[in-house]
Every structure is written in C-alpha cells, then in structure tokens.
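Please look over the ligand sites of the model shown here.

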Amino acid sequence: MKLINKMLSGDKRACARLISIVENDKLESEKIIKQIYSHTGNAHIVGITGPPGAGKSTLTDKIVKSLLKENKKIGIIAVDPTSPYSGGAILGDRIRMQDLALNPNVFIRSMGTRGYLGGLAKATRNAIKVLDAYGCDYIFIETVGVGQSEVDIVKAADTVVMVMVPGLGDDIQSIKAGIMEIGDIFVVNKSDLFGAQRTATEINMMLDLNTNEKRRPPVLMVTSTKNEGIDKLIEETKDHYTYLKESKEYDERRQKNLRIELLELVEEEIRNIVISETNKDNKMENAVKELADKKVDPFTVRDKFLNSIKK
Amino acid sequence: MDRPIRVLVAKPGLDGHDRGAKLIARALRDAGMEVIYTGLRQTPEQIVAAAIQEDVDVVAMSILSGAHNHLFPKVVELMKEQEADDVLIIGGGVIPDDDIPGLKQKGIAQIFTPGTPTTVTIDFIKNNVKRK
Ligand SMILES: Nc1nc2c(ncn2[C@@H]2O[C@H](COP(=O)(O)OP(=O)(O)OP(=O)(O)O)[C@@H](O)[C@H]2O)c(=O)[nH]1
Ligand SMILES: [Mg+2]
C-alpha cells in the first residue's frame, strides 16, 4: 500500500491517515496492521496516567521537550473521553503542547474514547503500532483522567508513570485500589503547591505496604510548569526500561499483553460471528423471548448458539 | 459517514480570550463531532501542523482582532502546500461584510459572523465535509 510506504519513510500526513483508518475502518485496519507488524517493537512505550487535571499533558510536554535535545523521534497519543450522549468529544490536550506542533521529530494525535471504558480508546493499541512503525523512539500515551478502574494503560505501555498531585486527600485512598498497583514510577506533580511532601509520604507508605512488587517504584517530586524534576523523571524512565530489558520482565510483560490482545481479538470475532449467525431467522429474538418466559435457561441457549457456529 | 467528523477549532492571531471558540467547540461536540481544541494564539503554521497530524475533516478558525484577511488565506495556502485541500476550512468572528467575498474567493468555504446560531454552523459542516 502506497500510504504505508510513505509512512515508513517518515511522511507525517501518511502516518496521520493510517491512524484514522485504524480508528475507523476495521477491515482496512487489519490489512494495515498485517503489513506493518514486523516493523514494530522498537519504541519505548510510556503511559502517563493519573486523575483529571493532574498535569499529565503539561508533564508530557516538558518530558518530550527534554528528550528532543537527545535527537529522539517521539509520538504522543492523548486520549480524552467521548461524550456518551452525543458521541462527540472535546480533545484538549494539545493546548499544553502547542510548541511541539511544528517540531519535525514529534507527532501528536488526540483520540476520543468512543465508548471504551479502560482509559484508552479501542484503537489506541493499533495507533501505537503505526507510530512504532513510523520510527518513534518513544511513544507517550496520555490516558483520560482516571478515577476508579481505568487501567488499560498497563496492557499497552512498558513503563507507567502515575501522576498524582497534592491535596487529593482521601482521594488517594479511593484511587489506590487497582490503580495504584499499575504505577512503575510515581510523580507528585504540582510540587510547588502546599502539601506535596505529605502526598509523597502517603504514596511511599502505601508502596511500602506492598511487598510483592518486583521493583519498588520511585516517588518523584515534580513541578511541570517550572520544568523542575523533569530530568530526574526521564532518568528514572530510562532506568525502568533498562531494568525491564535486563531482567526477564520486558519479555514477560510484552508476552502477557500479547496474550491479552490475542484473546480480546478472538472474543470480539466470536461475538461478531454469533451475532450475525443468530440474527438469521430471528434466532436471537426467539431465544430472548423463551428466556423471558422461563422456557429455557441462558446457559442452554449459549451452548446451542456456540454449537451452531462450530464448523 | 459512520465515524465522527473531526474538527480542529483554532484561534489564530493575538486575541486575548476564546469564549466564542469554546462555545462553538462545545456545540460541535454536542452534535457528535470530535473537536480538537488547540488554544489561543496559534500561528497558521501551527494550525496546519495540527490539522495534518490530527487528520481533521474541518478547520474552523475564529478571529476577533481583525487579522482575518491575512491569517485565514494563509492557512488555506499552507494546507494546499501539504496537499490537504480536501479539508473544509471555515471562519468566524468579527468580520466585516465587505471582507467576506474576498475570503471566500481565497478558499474559506464559509464565514460565520457573531450571532449566527450554532445550528447553522453545524448544518453547514455536515453538508459540506469533503471526505467520506
Ligand atoms: N501549580 C502547578 N500547576 C500545574 C503544574 N502542572 C500543571 N499545572 C496546571 O494544572 C492544570 C491542568 O494541567 P493539564 O496538563 O491540562 O492536566 P491534565 O492531567 O492533562 O488534565 P486532563 O487531560 O484534563 O485530565 C493547568 O492549568 C496547568 O497549568 C505544576 O507543576 N504546578
Ligand atoms: Mg491532558
């Protein structure tokens, strides 16, 4: 495909078009991924996550500016929530990254979640593959502002940076379940504000309770708006990657995520097959009526459906 | 079209506030569009770079400060240089009636002056996006 060759040779517009196709067109997307898959696997994928307004975009902007001094090629995917009512979205993360727009070594893409609940969009995983094949050394993924259970980033990133801020108070307690466990590096952003040290102490206490971590995550004080603590964060991010590569964890992690991806793809396809199969002759409708009338139970119907699609 | 229309809402020039742009951004979102909002004081080059990377269907610009005759056509020109002339470009803000024909001639598809109901803009976009 012409677009793919253009993208592989570094054409931004081609890269942008391919990401759109990956987002919008299931069949074309599969064709593209099949062709570029062997070109992927070279980027360090870094997730930037944390509560709404924690400074994720501002922080990403500063990290990327610093990495550009090392002549790196960088991709950014910034995810914001899609409105469940209209299906529309306001994607505003670029506001904090204005100066990066013109840099030839940076590619920024905003994505709406489009109904997906894990903190990323469904197409984020494939958009990462496009940027990886495009030749990015680093790909930063800014998740939606997280609260309770948006932990999909751990399935997509090598290194997860958890951005916290002072004054979350009891929120730290509510956030910790599930979400705290996915951080490889913790950042207390807005360290210029009152209570930053206390927040860091609380995070440290929480991390000390968790003894089954393979690697104790560092907790870093950062003030993104003043560019303070950014270099240390970059150093820790690189150290984490080196650690992954030198231990077996890089392969373990990537393979674990590939297994999840594969199973999700299979699930989705089986679901589609069952739906199209049971739409014929009103099979689905009839079964639902029978279920409602208690003439049959759900498990029996499931087995019947599954048997009907077995070759 | 079974995907959301993507619109870059941009504020070129030196205007100090973006209430109007935010208002239209919200209206477009509520009409089911994905709105990429880039903030104040964008240069035409920045707007075009963002439009390319975001692969938008529409660039919607708003100017209050009077620099529209220079900045709007500049964006059209730069988009053409990128071979991105399948993107619909529209403008809004405080724009004298006398300037409108000239702007349209230079490739701004439509100009929306203050007081235009947002539904008019939404319908215009839906009826005029060039890409499938
Ligand atoms: N005082 C202070 N403010 C900051 C700092 N970093 C970011 N901010 C401010 O926090 C606000 C939110 O910053 P963003 O970068 O948009 O936060 P975000 O986490 O990307 O927000 P969402 O994407 O909406 O969840 C902005 O007004 C920033 O200027 C910091 O280190 N100190
Ligand atoms: Mg953000």
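What follows is a briefing on the two ligand sites.

This is a predicted model: local features need pLDDT of at least 70, side-chain atom pairs count only at pLDDT 80 or more, and totals for chains, interfaces and linings use all residues. Residues are numbered from 1 along each chain as its sequence is written, chains are lettered from A and ligands numbered from 1 in the order in which they are written, and side-chain values use heavy atoms, with hydrogens and water left out.

**Magnesium ion (ligand 2)**

- S57(A) (OG), D93(A) (OD) and E142(A) (OE) are the protein donors of the magnesium ion, at 2.1 to 2.2 Å; donors are N, O and S atoms within 2.8 Å of the metal (3.2 Å for Na, K and Ca), and sites may look incomplete because water is not among the atoms.
- The spacing of these donor residues in sequence is S-x35-D-x48-E.
- S57(A) belongs to helix α4 (residues 56-68) and E142(A) to strand β5 (residues 138-142), so the pair ties together parts of chain A that are 85 residues apart in sequence.
- Helices (H or I, at least four residues) and strands (E, at least two) are DSSP runs, numbered from the N terminus.
- S57(A) is buried at 7% relative accessible area, and E142(A) is buried at 3% (buried: under 20%, 1.4 Å probe, protein chains only).

**Ligand 1**

- Around ligand 1 there are 17 residues, of which G55(A), K56(A), S57(A), T58(A) and R96(A) come nearest (near: a heavy atom within 4 Å).
- Helix α4(A) gives the largest share of this shell, three residues.
- A backbone N or O atom of S57(A) lies 2.8 Å from an oxygen atom of ligand 1, and one of G53(A) lies 3.0 Å from an oxygen atom of ligand 1.

Note on methods
Buried means under 20% relative accessible area, exposed over 50%, partly exposed in between (1.4 Å probe, protein chains only). A polar contact is a pair of N or O atoms within 3.5 Å; within protein, one must be able to donate a hydrogen and the other to accept it, and residues adjacent in sequence count only if both atoms are side-chain atoms.
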